Each structure stands twice: as structure tokens, then as C-alpha cells.
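Please consult the sequence and coordinates alongside the text.

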Amino acid sequence: MSSINKSAAQINATILSNKRVGAYHQILLAIGDLASVCRPGNFVAISVGGDSSRMVLRRAFAISRITHGSASGGAMELIVAPHGSGSKWLCAQEEGVELDIVAPLGKAFGIPTNAVNALLVGGGYGSAPLFGLAEVLKARGCRVDMLLGASTGAKIYAPLEGKRSASTLKIYTEDGTMGEHGRVTAPIRELITQGSVDVIYSCGPMSMLRAISELTEGTDVVHQCAVEESMACGIGICMTCVLPVKNEDGSISMLRSCIDGPVMDGAEVAWDLVGKVPPIGTP
Amino acid sequence: MSDATLDFSTTLGNAWFPAPIFTASGCASSGKELSQFFDLRDIGAVVTKSVMNKVRHGRPTPRMAETPSGMLNSIGLQGPGIDQFLAQDVPWLLAKGSRVIVSIAGETTDEYAMLARKVRAVQGISALEVNISCPNVENRGMVFACERDTAARAIDGVRKIIGGEIPIIAKLTPDVTDITSIASAVVDAGADGLALINTVLGMVINLDTLKPHLGGKTGGLSGPAIRPVAVRAIYQVHSAMPTVPILGMGGVASGRDALELILAGASGVSVGTASFGDPTAIPRIQRELSSLLRAKGFASVKDAVGFAHREERS
């Protein structure tokens, strides 16, 4: 056995429920004992389309929340936006359907050992894994403030039960249809200046993650971001999901966001080199 | 129908393998990642990702596009360089009891020879795959396997270093006018076997940007979409050179697909893209192939190799 994805397993998981929530689907899967090894930030890779499908690749989704029921064992919650052919297929599956899943995959969010002030920032359905994370942080005694943003109100995912796990929750939409008018990154600089943030956890579009990394640069605030890069396999064998990451000596490595992420240190990602080929060696 | 025991072993040149299903180069990294999902000892061998002499970052992202029954990839031979690979990845695989076929790729004939020299110095490797057909490089002129003389020169340089200790397997592209002509050139230059086929060069245009989707513009098409191309190439080459062992690959996703390549003339079958969609594809394909060979009345893998070429039994 290797140290990569050492808790991962491939299982058949039954859909317990599939509900539409705004622009998204909330899908609950029975995963039994696997629930005990899933951590906030891990993701799941799901086979889509059935046996005769022309879709040969799995679809990766952040695990939104894990629940530990008594009767049916553990369950995994996913928040899925029906955008592409794979996610549309998944959202059309009904209760009782069995899915071929591989989980938990990737590096999870790092949880502080002592109580800190945590700011959780989610963009679009990127907010999904933050509610499970908020519960874990709260159990550690952390103060949890949450900022959620989207282009429009229908794309804000903020379930009622999730709101309870955060001390404060502020919503931003670019069209002003819900919460404050503007971008979710707008209040972050002031929060950092006030000294009311120790760690920022973020999940959402790459442009948002980059913007937060620029705001935390030169400060003591740690930025753990869950990156999103298109991947074929999700388990580290295809090399398609690489991101440029800075090493201590200043050189750049192209790391796989599936196994070296999805949670990465925002200060280590070379955001200006994403989509480019960095030079070899030290500058 | 037969319940008789099945000889599931196979050979590629002088290398023996207990099972006929392998990983495909570039589709299993260095093996560690898949070892979480099955025991690497249970398959024929791990064919490692083609490695070059120096560290290489590869092509820019996006590197992937799913296509009907397949995908395009544009990795561009990202890798740690041969020294780190031989010092870390190969010992790990050998310690786990896995059989290892090392795949090398060079920019020049000299680089292939240098890589072969370094591989020769390491004990325990089962075979050397010489990838002379990676499509994801800056200049397609680097694709040695597109011309008889460049293909032959790359293999000749390796043959001068490897004197029969391990088989040399040349990996060819189907993107040529006559693959049998390239195959005969590399066999004449000293290749002991052939790996057929590399990915097929393709492109996807993104309708949001109205530009080529992949960072490297072009990419290699793989998956079930190209399986008939693989079957055809293997069939043609086996027909022209029936004694040259072939490691077949191209869109194999089931035991029946593997048997199809074997019947066309492959002695072993590599599974690549199927592992992306299913981490346990390789052991599953092996089980399916084993049942299917028995069901068809074959006593061994060897009996089925190239069977599609034989005169019909009356």
C-alpha cells in the first residue's frame, strides 16, 4: 500500500435522496463505514452515464457533508450543479439508484489543534464543503465566520442547518439579488487588517482563490484553498490536473491537484503561472 | 466450453509475465497511485510513464478534454527525469514485487541511448519500452516513429547499449501511412517487440473561447473510440511479421476488448484510459479475459495470439 489516498475505496453507494435546492441538487449517498474516513476537503469520483455511456471519465465532486446515522450507517452529501452531461445525468438519478464511487480522495483541509478565528469563503456551489468544515472547526472551539458569494441569488447555496455552524454569515451577489451587492472578496481586506482572522478556508472559482491569496500575501493569515482544475482520473495517474506550486528554493513544481490537493496553501500556488509552463530550476 | 486449467502467462521476447494485462505507459504514473486499489503483483507488469533524461514540466493546462467514448490528453511528458525515477520509483515497484517495464522518451537519438545506458545499470527491470511516438511535444518533428529512418536510428542507438539482457519494445503511432513499414524498420534496427498503438493526434475547439481547448492545442486521443484503429494496426503488423511479439493497447475497457487485441496478434495488452474511469479496471479486465479464454476453449493465452489470422476451422 502506498501513502496516497490511503483511506480510499471503490464502493457501490445507494442514493438515499436527491432534492433540488435552488440552482443545485442536494444528493445523499449511503456509504456505510467509509463515512468515518471522509474529511472536509476530500472529494469523491463518481462513474456517470451507466454501462453503455460514451462518457468514459468519472466526475469529481467535493464532499459537502458527512452524517453518521445509526440505521443506514454513514451518508455523504453532495451539492451538484447540473451543468455538463455528467452532472446532468447524476442529478437525474432517483432515490434507490446505485452509483459506483471512489472516495475519499485528495488532501483534506488542515484543522488547527487550538481554537483560532476562521473565515470561510465560498463561491457558488464552492460553499458546499464549507458547512461540514464549519461543524468540525466549531467542535474545536474555533470562531467561524462565513462569507458566501455568487453571481446571483439562485446560485447561493446556504442551507438552514449549515447556517447554525457559523457564528456569522454574510452573503454577496454580483447582481444584488441576495445579500450585499458585490463580490465576496470585498470585506476580506478589512477583516485581515482588524486582526480578526487567523485562517481563511476557501472553495470556489480559481479567480476567487487567487484574489484571496493576493489579500493574504504579506500577512500572518494562513490561506487554505480547495482548487478546481479539470481532471480525468482523480487518483493521480493522468497528470492532467497539475498546478504550478512554489518550492522553498524558489523553483516550481507542477503538482497534481487531485493528490497534492485539492486543498493547497494559497501562498504556495504560483497563480500567475497557472495555464503556463514555468521554467525549470531555481530563478 | 472447458474447465481445464488455463495457462494465463505470456512472453514479450525473453521476458516472461504470469498474466497478460499491463498498465499503459503514461496511464499509471509510477504505479504507487494504483496500489491503493489492487495488488500490483497480480497483473502482468507496470509499464511506467515515459521518462526523459531531465526534469520536465510538460504542456500548459488545460491538458484534458473528454470526447465521445474517449478523451484527448496533452501532458507533454511531464516527469522527474531518469535519475530520480530510477533511484526512487523503480526500487519502490520492485520492492512491492511488481514486474516493471520502463518506458523512455528522448528528444534526440543520443538521449535515447543515454536513457538506455542508465536503465541497463538497474537490476530487475523486465523490459524497456522505447516511446518514439509521443504526440504531445512542441515539435511533431520529435515523433521519431513517423519516418522509417528516424525510427530505426532511435532504436539502433538503444540496441547498441542493450545487448539482449531485456527486450526492447518500440512504441509506434498509428498516425502514419503504413505502420507495417515503420514496424519492419524498427525490427530490422533491433527491436525485439512492438507496442501498438500510441494515441491518435486530435483536437477539440472550445465553443466559449472559439479557440483550441487544450493548452498544447493538439492532444492524443485515447479510449474505446480508438480501439478499432488499434485492432487494425495490430492485425496488419502481426500479419506482416507474425514472429514479432506485440504489446497491444488502445481503448481496451473489458475482457472482450483485450481478447480482440490478442486475436489480432497481441501477446500482451496494456490498459490505459480505462483506469482513469475505473481504478480497478485492470484486475477486472484480467478476470473477464480469463473467463472468456476458457469459454472460447483456449488452453493458454499463447493459443489465442493472432488466432484471427488462422484459416477457418471447418
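## Terms and conventions

A residue is called buried if 20 or more other C-beta atoms lie within 10 Å of its own, exposed if 12 or fewer do, and partly exposed in between, with C-beta atoms placed from the backbone. Helices (H or I, at least four residues) and strands (E, at least two) are DSSP runs, numbered from the N terminus.

This is a predicted model, in which local features need pLDDT of at least 70 and side-chain atom pairs count only at pLDDT 80 or more, while totals for chains, interfaces and linings use all residues. Residues are numbered from 1 along each chain as its sequence is written, and chains are lettered from A and ligands numbered from 1 in the order in which they are written.

## Helix α6 of chain B

The buried residues are G255(B), D257(B), A258(B), L259(B), E260(B), L261(B), I262(B), L263(B) and A264(B). Their packing partners, all in chain B, are the strands β3 (21-23), β15 (246-249) and β16 (268-271) together with the helices α5 (227-240), α8 (281-295) and α9 (301-304). After α6(B) comes G265(B), with a positive phi near 140°.

Two packed helices are described by the angle between their axes and the distance between the axes. For α6(B) and α8(B), the axes come within 7 Å and cross at roughly 65°; axes are lines fitted to C-alpha atoms, for helices over the stretch in contact, and angles run from 0 to 180 degrees between N-to-C directions. Contact here requires that the C-beta atoms of two residues, placed from the backbone, lie within 7 Å. On the α6(B) side the contact is made by G255(B), R256(B), A258(B) and L259(B), and on the α8(B) side by I285(B), E288(B), L289(B), S291(B), L292(B) and L293(B). By class, this contact has 6 nonpolar, 2 polar and 2 charged residues, where Ala, Val, Leu, Ile, Met, Phe, Trp, Tyr, Cys and Pro count as nonpolar, Asp, Glu, Lys and Arg as charged, and the others, Gly among them, as polar.

## A buried valine in chain B

V90(B) is found in helix α1 (residues 82-95) of chain B. V90(B) counts as buried because 23 other C-beta atoms lie within 10 Å. Leaving aside neighbours within four places in sequence, V90(B) is in contact with F85(B), V100(B), V102(B), V122(B) and I125(B). S270(B) is 180 residues apart from V90(B) along the chain, and their C-alpha atoms are separated by 19 Å.

## Contact between the chains

In the contact between the chains, 36 residues of chain B meet 32 residues of chain A. On the side of chain B, the elements that give two or more residues are β5 (64-67), β6 (70-73) and α7 (273-277). Of these, α7(B) gives the most, with 4 residues. The residues on this side of chain B divide into 14 nonpolar, 16 polar and 6 charged.

## Domains and confidence in chain A

The domain assignment of chain A gives domain 1 (9-105) and domain 2 (117-273); the bounds come from an automatic or database domain assignment. The centres of the two domains of chain A, taken over C-alpha atoms, are separated by 22 Å. Their contact takes 20 residues from domain 1 and 19 residues from domain 2. β3 (43-46), β4 (59-62), β5 (65-68) and β7 (98-105) of chain A each supply at least two residues of the domain 1 side, and the residues of that side divide into 15 nonpolar, 3 polar and 2 charged.

Chain A has a mean pLDDT of 93, with 98% of its residues at 70 or more; pLDDT is the predictor's confidence in each residue, from 0 to 100. Within chain A, confidence is lowest in helix α3 (residues 160-163), at a mean of 72, and highest in β7(A), at 98.

Most residues other than glycine have a negative phi, and most peptide bonds are trans. A cis peptide bond, with omega about 5°, joins G261(A) and P262(A); P262(A) is in the loop between β15 (252-256) and β16 (263-265) of chain A. In chain B, the peptide bond from L196(B) to I197(B) is cis, with omega near 10°, and I197(B) lies in the loop between β10 (193-196) and β11 (200-203).

L210(B), a residue other than glycine, has a positive phi near 60° and is in the loop between β12 (205-206) and β13 (211-212) of chain B. L210(B) is exposed because 7 other C-beta atoms lie within 10 Å. K217(B), also not a glycine, has a positive phi of about 65° and lies in the loop between β13 and β14 (218-222) of chain B. With 13 C-beta neighbours inside 10 Å, K217(B) counts as partly exposed.
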